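Here are my notes on this model. Please read them with the structure open.

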Amino acid sequence: MSINRKFNYKKVRFYILIILLFSFFGQFLFFNITNTLSALLVAFVSYLTFSIIFRSNVFPKALFASFVVMSFNISILSGPLIFQTLFLNPIINNLQVPLRVFFFSSLFQISLLIALLLYINSKFLFLSSKKINSSLRKIGVMKVPSKLQLWVMGGIGLTVTFYYAALNAMGGVEYGDVGNKFLFGLKFLTYAPFLILFRNQMSEKKYKLKRMDFILLSIYFIILLIGAIALNSRGTFAEAILIIVVLTVLFILVKQISIHKIKKRLIIIILLMGFLQPVLSDLAIAMVLARADRGKVSPTELLVKTIEIYQNKKEIKDRKEKDRLDKVFLSNYDYNEYYIDNTFLSRFLNIKFFDNMFALDSTISGKNSKQILDITNQKILATLPTPILKIFGININKDDLRFSMGDYMLYLDGKTFLGGFKVGSTVAHVFAIFGWFSYIIVVIVFLILFTLIESLTTKKDGVIMVSPILMLMVLPLYYLASGDSFVNIISFILRTLPQNIFIYLMIFYIVYFITKIFKRLIK
């Protein structure tokens, strides 16, 4: 395996320091004591985070645990600071309680760092990951799938993705619908073919990429794009790009992809993304405008209508202006989601959702802690499959829980209704229940999480081998710490991770035996 031995974490830390200092001093353009203090706090905690993570005895030792910690920082702290500076906006732009939200988020970030360092320095936890990995290896979790297996998995996932998108347009999957819930579980396999690019990072063997691989993957991406437009599902094609980008960056940082060897490919990708960014942005707006007909017309008609809207540049421009005015209008209300002008970046920066939750007095006072704890317990139980709940005699009506935790916290304060699926905050959620004790709970829960996700990696002679299952879950891992609620993290541990392992292995072996039988028949 080709590894870039000249890679230097000291340089990474230096570049990050320069970026953070530039962003901090850039905030002096907006002379405001609250803004300056917020920028200072964010810059300090962000540098502390990256300076601890980017060391040879931390990042390569716990790659995906480190990724989870960094993801929270990018989404809630350093991302807002850097990108608002680039867009010449203050970091406190449209935030109701900036110092409060940055302070409590910084404490959460430090808790994640403590959990990471405890995991790395705990022989018990490190050995636990190895023992779990040893058991998982026996059932095939670390096996490198063939190209054919990845293509078949992708075909299954793609079919389910398009089926679910069509079903969602007609009302979605009902709670208790075991068949459709199982099918939905296959959805994460949609992006399996793109793992062909990362088979060298799954084992010690060296796999060569052929030109035909890139051609077929390009065709597959085009199919994803056309299908996403036809079913009005914007995230379907965007996730493919993000998985490739995130995994490439991670493996460059652990020296398992040489920048020099993929330099031409990187330049092409960067130029292509620069060219496609405005195209995809306008396409996303066209899909929003066509959304009114989703479920009313056939996918083919929806595809044609979306393309027609995309070609009407005046309609696209009018929509952009309307969105801008709406953001200004909505910023006058207590709850709103406007933080940064760039639609693409706004999907990765969740600080405004955190701000909405910390603006509630009940979050800090804890006056609704009992109700929030009760509903949290119900939601955690509801993440378990209905058959398991019946076995243990647990009677929960999952239909009664069709709302987000953000909904519930706002509802208790009389600011919204249930079922609007307002995005909440992991930090605000756990703090509203446990107060200052919440940060200890965060450390404990993330120690368990880190132990589990790192069990899907193997380290040997400085080389990290990653299970394809973990690669396919890289985007859910990004949002895990900065999502709607702490329930998402518990749900990932109790259901998502074991379910994805089971589903992946089931499809892996079915495809394996079918291809084996087919090869015998054609001999």
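1. H5 and H21 cross in a right-handed way; that is, the near helix is turned clockwise from the far one by less than a right angle. Helices (H or I, at least four residues) and strands (E, at least two) are DSSP runs, numbered from the N terminus. This is a predicted model: local features need pLDDT of at least 70, side-chain atom pairs count only at pLDDT 80 or more, and totals for chains, interfaces and linings use all residues. Residues are numbered from 1 along each chain as its sequence is written, and side-chain values use heavy atoms, with hydrogens and water left out.

2. The axes of H5 (residues 98-121) and H21 (residues 438-454) come within 8 Å and cross at roughly 45 degrees. Axes are lines fitted to C-alpha atoms, for helices over the stretch in contact, and angles run from 0 to 180 degrees between N-to-C directions.

3. Contact means heavy atoms within 4.5 Å. On the H5 side, the residues meeting H21 include Phe-104, Phe-108 and Leu-112. H21 brings Phe-446 and Phe-450, among others.

4. Phe-446 also deserves a look. Leaving aside neighbours within four places in sequence, its contacts include Val-68, Phe-108, Ala-481 and Phe-486.

5. Turn to strand E2 (residues 463-466), where Met-465 lies. Met-465 is buried (under 20% relative accessible area), at 7%. Beyond neighbours within four places in sequence, Met-465 is in contact with Met-142, Gln-201 and Lys-460, among others. Met-465 and Gln-256 are 209 residues apart in sequence, yet 9.7 Å apart in space, C-alpha to C-alpha.

Technical notes:
Buried < 20%, exposed > 50% of the residue type's maximum accessible area, 1.4 Å probe, protein only.
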